[in-house]
Amino acid sequence: MTNIIDPIAEIDEARVGDQDVVIGKSRIIFRRFMRNRTAVAGLFIFLALFLFSIFGGFLTSWDKDTLDPLNIGMPPSPDHLLGTTQAGIDLMALIVDGTRTSILIGLIVGGVSVLISAVYGCTMAFFGGKVDATMLFILEALIMMPAILVVAVATSGSGGLKDLPSWLLLVVVLLFFSWMGTARLVRSLSMSLMQRDYVKAAKYMGVPSRRIVWRHLVPNIGSLLVLDFTRGITGAILAEVAFSFIGIGIKLPDVSLGVLIGQATGQVSSFPWMFWVPLTVMFLLTGSLAMMNDGLRDAFDPSSSSIGRAKTKTAKAAK
Amino acid sequence: MSTNTSQTPAERLRDAGLYAPGDAVLSVRDLNVRFNSENGVVHAVRGVDFDLMPGKTLGIVGESGSGKSVTSMAVMGLLPETADITGSVRFKGKELLGLSDKAMCKHRGSDIAMVFQDPLSSLTPVYTVGHQIIEALTVHNPTMSKQAKEARAVDLLRMVGIPSPKDRLKAFPHEFSGGMRQRVMIAIAIANDPRVLIADEPTTALDVTIQAQVLEVLHTAQEETGAAVVMITHDLGVVAGMADDIMVMYAGKPVETGTVEDIYYNPRMPYTLGLLGAVPRVDTSGKQSLVPIEGTPPNLALPVTGCSFAARCPMVSDACLHGEPELFPVPGVEGQTLGHKAACIKADQLSGDADAHKIFQAPPKPVSKFDGVARAERAKVLELKDVKKHFPLLKGALIKRRIGTVKAVDGLSFDIREGECVSIVGESGCGKTTTLLEIMEFHPDQVGEVVIGGVSNKVATDHKTKMAMRKEMQMVFQDPTGALDPRFTVYEVLAEPLENLGMPKAAIKKRIMELMKLVGLQPDHVNRFPNQFSGGQRQRIGIARALAVNPKLVVLDEPVSALDVSVQAGVINLLDKLRAELGLSYLMVAHDLSVVRHISDRVAVMYLGKIVETGDVDDVFDHPRHPYTRALLSAIPVPDPALERTRERIILQGDLPSPLDAPKGCNFATRCPVFAALPAAKQEKCLTLEPPLASEKEGTQDFACFFPDGEIDSDMLVVHA
């Protein structure tokens with residue numbers, strides 16, 4: 001029953017001729033995003049956390065390597081805003097550091113995996129045939145590989161990888177396992193784009209295929225890549241937390257939210273702040289990204305109803 | 001339409017209940033619909049009034065965005081929650097607006113039913129059609145027994161002309177063709193004997209021969225149920241034969257209403273006049289340009305101050321810009337009914353003999369330098385010799401085995417000379433698009449020879465020959481929106497083929513300016529994106545891109561079928577002009593035979609991958625010899641109510657046969673109306689031998705039939721007296 005949404009699209013079409021009413025696509029997307037209050041709130045929370053992870057160190061005079069022998073395992077106090085661990089380390093300093101690690105891992109993994117999948121997916125769709133089949137086979141094989149095992153082996157320090165800091169090691173491993181889904185999505189999307197008339201037109205004009213991919217395909221999957229970037233960040237942060245929680249991800253002396261949560265699980269009843277504070281931060285982080293993602297999806301989706309009702313506005317106009 | 005239009009809306013609403021004709025099944029008064037959009041509130045429907053009498057047909061005609069579909073959706077209560085709807089919609093005196101969705105469900109499907117445009121997506125693929133018909137019955141007749149419902153479903157399928165209805169009840173939608181599915185949709189719509197049947201562009205997605213069948217079914221359905229029909233369409237031909245009254249909508253408002261005769265023979269609103277002149281006709285040869293209506297409909301997000309058509313109207317004066325004219329009764333002409341109303345202050349000036357061509361200043365028919373030269377003396381631009389494209393039909397999941405061959409194109413030979421336009425016509429699935437693709441592919445491995453500008457595909461092995469050929473031939477696509485990269489500015493779109501030829505930057509710039517002027521676009525619009533143009537303008541950009549490299553041959557794939565009628569005329573005139581000025585040749589594929597007749601010099605009728613008739617367009621259209629051509633031509637509705645009601649129509653039975661069991665002798669024998677009337681002895685010949693494509697007399701069209709001009713089987717002839 002596509003007919004039901006049709007009338008609106010029809011009007012959109014008819015109205016396009018008047019130049020003064022044409023709005024750029026990026027502006028429409030921005031507006032739609034801003035209209036989604038949850039998404040805007042998510043954006044602000046994320047930005048706040050990001051700033052906190054960078055400048056949070058100034059909120060406390062302690063750092064994560066200094067022990068405070070006078071305050072061991074103390075609940076929040078004016079001296080230590082979020083309390084201390086049983087070793088006497090300021091929790092605030094740890095959280096700042098952990099958040100930074102988590103966000104860093106998220107951004108790098110999200111960004112780079114989107115790039116890899118875009119290149120890989122476009123290549124598959126573009127060359128087709130045997131290249132496509134081979135690359136698809138590799139991709140499927142990677143999907144089937146047990147990520148958790150590889151992470152465990154890699155971060156346990158075997159194989160001469162000891163020199164790398166554990167967070168970087170985790171980034172590499174997460175990257176290795178995060179791009180396949182998107183690559184497959186990009187492949188199918190590019191394949192359908194290849195069927196578009198403007199791609200055909202370019203082909204019939206004799207434009208070289210490489211240029212067609214670069215000029216026509218890549219820009220047109222942009223919105224998918226943006227969406228996937230934010231989703232990738234969330235995914236990477238959650239994966240880091242999960243791996244570190246079971247003790248195979250980030251290794252001390254590096255701290256991350258996952259490490260902090262993992263350490264505190266045993267003593268939730270005796271040191272509740274040590275468990276709840278990093279957990280809240282993690283929720284805020286992934287939650288804000290999910291909220292943003294929701295708004296972005298709405299903004300990019302042409303058939304979304306983010307525009308709202310006509311009734312409320314006309315009622316106001318009548319008064 | 002008995003209320004006085006000069007009243008305030010409130011008064012009209014009050015009066016609607018009092019003065020609406022008591023016997024009207026559906027009265028709509030002052031219907032207004034608003035949507036919210038990125039540009040503010042769009043006032044999509046602005047005050048629609050009509051009364052629908054039982055058993056009558058009202059045609060609502062308008063372009064996309066005129067609010068005709070929104071009106072029908074509002075009546076059915078199908079608009080999204082976010083729309084703001086005011087006014088009054090009364091079914092037999094009962095107000096429908098403001099009813100809850102649940103309350104509305106009682107009326108939907110039983111009192112008021114709807115046939116949607118797209119039959120492919122209107123049926124659920126996972127249920128059998130029988131299930132879906134019975135579902136419609138169950139909802140409104142919970143007490144009906146299972147046997148009764150099944151019997152009724154069989155009845156309904158028989159009524160809409162589906163063969164062996166009892167077995168087909170268990171078939172799934174994908175087992176039906178598009179036309180058959182639309183019949184099922186009609187069966188579902190009339191299942192509960194609705195009093196009002198709303199058909200929203202019911203045949204737009206269908207082929208002409210199927211369209212004729214479906215219109216016939218709608219006609220029967222209306223006769224059987226006595227329902228009043230609201231027929232929404234953009235095609236003035238489709239409603240000419242069916243409707244009793246017509247309402248022409250423009251920018252969300254009815255601009256002219258009246259009986260069919262009033263509207264078609266005596267239009268009093270310039271817009272109606274222009275629309276009628278903008279449609280090419282299949283029954284007259286195209287020696288005159290079409291009436292172009294310049295410009296685009298107004299932006300309905302802004303308040304309308306003057307006449308909404310003023311910006312495009314050739315008769316506009318200052319008075320038109322002050323206050324929007326209401327629908328006023330047209331001052332009496334003898335023999336006129338009182339119901340004829342037009343929203344134009346100059347309605348008096350447009351008496352019965354107004355000439356749309358003069359008023360809209362249609363350009364003169366352009367003359368090409370090749371027009372005087374005999375066809376045989378002109379050079380060949382394109383030649384096809386026995387081109388074939390067969391697709392293997394495979395079955396089996398792991399090991400594919402060949403179970404048959406689809407002969408999409410089966411031995412096609414024709415040529416195109418300089419300065420002429422050759423059109424390929426036929427139903428969808430006949431292989432016309434495959435032919436175009438074969439020509440565009442231009443690959444040495446193809447079966448058959450394609451010669452473009454003297455270069456044969458057999459020698460086109462290196463990149464250089466291919467590039468030379470690409471320069472000779474360019475393509476214009478059907479959907480102007482899809483053919484332009486949304487992220488390219490017009491400049492980039494037009495520069496692409498030129499850059500590809502390695503032209504220097506300055507030369508490219510100059511050429512683009514030339515091109516913009518050539519296709520009638522403002523040169524300073526080159527920095528805009530395609531979505532900032534209307535459909536017609538986008539198609540002009542597509543044409544400009546095709547012309548960029550100065551080709552000799554332009555391949556047009558349904559160049560105007562995605563455009564509105566008024567815009568279509570402008571593009572057709574442009575194509576005509578370019579052909580004459582630049583000496584271009586066209587190869588066009590189109591399903592709209594009226595457009596084909598207007599624009600082409602020669603035509604080839606295809607059926608199942610073969611040409612069945614070809615020749616000069618006037619020969620073929622005026623004296624069709626092959627029964628398929630005759631059926632195809634007779635299926636096209638003509639925007640002339642008197643003619644439409646009396647003319648004979650050949651309604652073909654069934655659809656294109658599946659390519660798997662393609663007939664052995666003449667391809668067309670299974671559906672042929674002449675074959676059906678032949679004595680058995682002569683039928684034998686059609687079934688065993690394949691008729692060759694040849695002409696009867698020198699200098700006339702070629703056709704492939706043993707019994708040209710044969711008598712048509714009376715079962716397939718329909719006349720509405």
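What share of the contacts in chain A between residues at least 6 apart in sequence join residues at least 24 apart? The share is 68%, where two residues are in contact if their C-beta atoms, placed from the backbone, lie within 7 Å. The model is predicted: local features need pLDDT of at least 70, side-chain atom pairs count only at pLDDT 80 or more, and totals for chains, interfaces and linings use all residues. Residues are numbered from 1 along each chain as its sequence is written, while chains are lettered from A and ligands numbered from 1 in the order in which they are written.

**Chain A overall**

- Chain A has 14 helices and 0 strands; helices (H or I, at least four residues) and strands (E, at least two) are DSSP runs, numbered from the N terminus.
- Of its 319 residues, 38% are buried, a term that requires 20 or more other C-beta atoms within 10 Å of the residue's own, with exposed meaning 12 or fewer and partly exposed the range in between.

**Helix pair in chain A**

- Helix α12(A), residues 257–264, packs against helix α13(A), residues 272–300, at an angle of about 150° and with the axes 8 Å apart; axes are lines fitted to C-alpha atoms, for helices over the stretch in contact, and angles run from 0 to 180 degrees between N-to-C directions.
- The two helices, α12(A) and α13(A), are therefore roughly antiparallel, the class for angles over 145 degrees.
- On the α12(A) side the contact involves Leu257(A), Leu260(A), Ile261(A) and Ala264(A); on the α13(A) side it involves Met274(A), Phe275(A), Pro278(A), Leu279(A), Val281(A) and Met282(A).
- By class, this contact between α12(A) and α13(A) has 10 nonpolar residues, no polar and no charged ones; Ala, Val, Leu, Ile, Met, Phe, Trp, Tyr, Cys and Pro count as nonpolar, Asp, Glu, Lys and Arg as charged, and the others, Gly among them, as polar.

**Sheet in chain B**

- An open, antiparallel sheet of 4 strands has the order β14-β13-β16-β17 in chain B; strands pair if DSSP finds at least two bridges between them.
- The edge strands are β14(B) and β17(B), residues 455–456, each pairing on one side only.
- Helix α13(B), residues 432–441, packs on this sheet and touches β13(B), β14(B) and β16(B); its direction makes about 70° with that of β14(B).
- Antiparallel strands β13(B) and β14(B) are joined by 13 bridges, and Pro392(B) stands opposite Thr405(B) of β14(B).

**Lys400(B)**

- Lys400(B) lies in the loop between β13(B), residues 380–395, and β14(B), residues 401–417.
- Lys400(B) is exposed because 11 other C-beta atoms lie within 10 Å.

Conventions:
Parallel < 35°, antiparallel > 145°, perpendicular 65-115°, else oblique.
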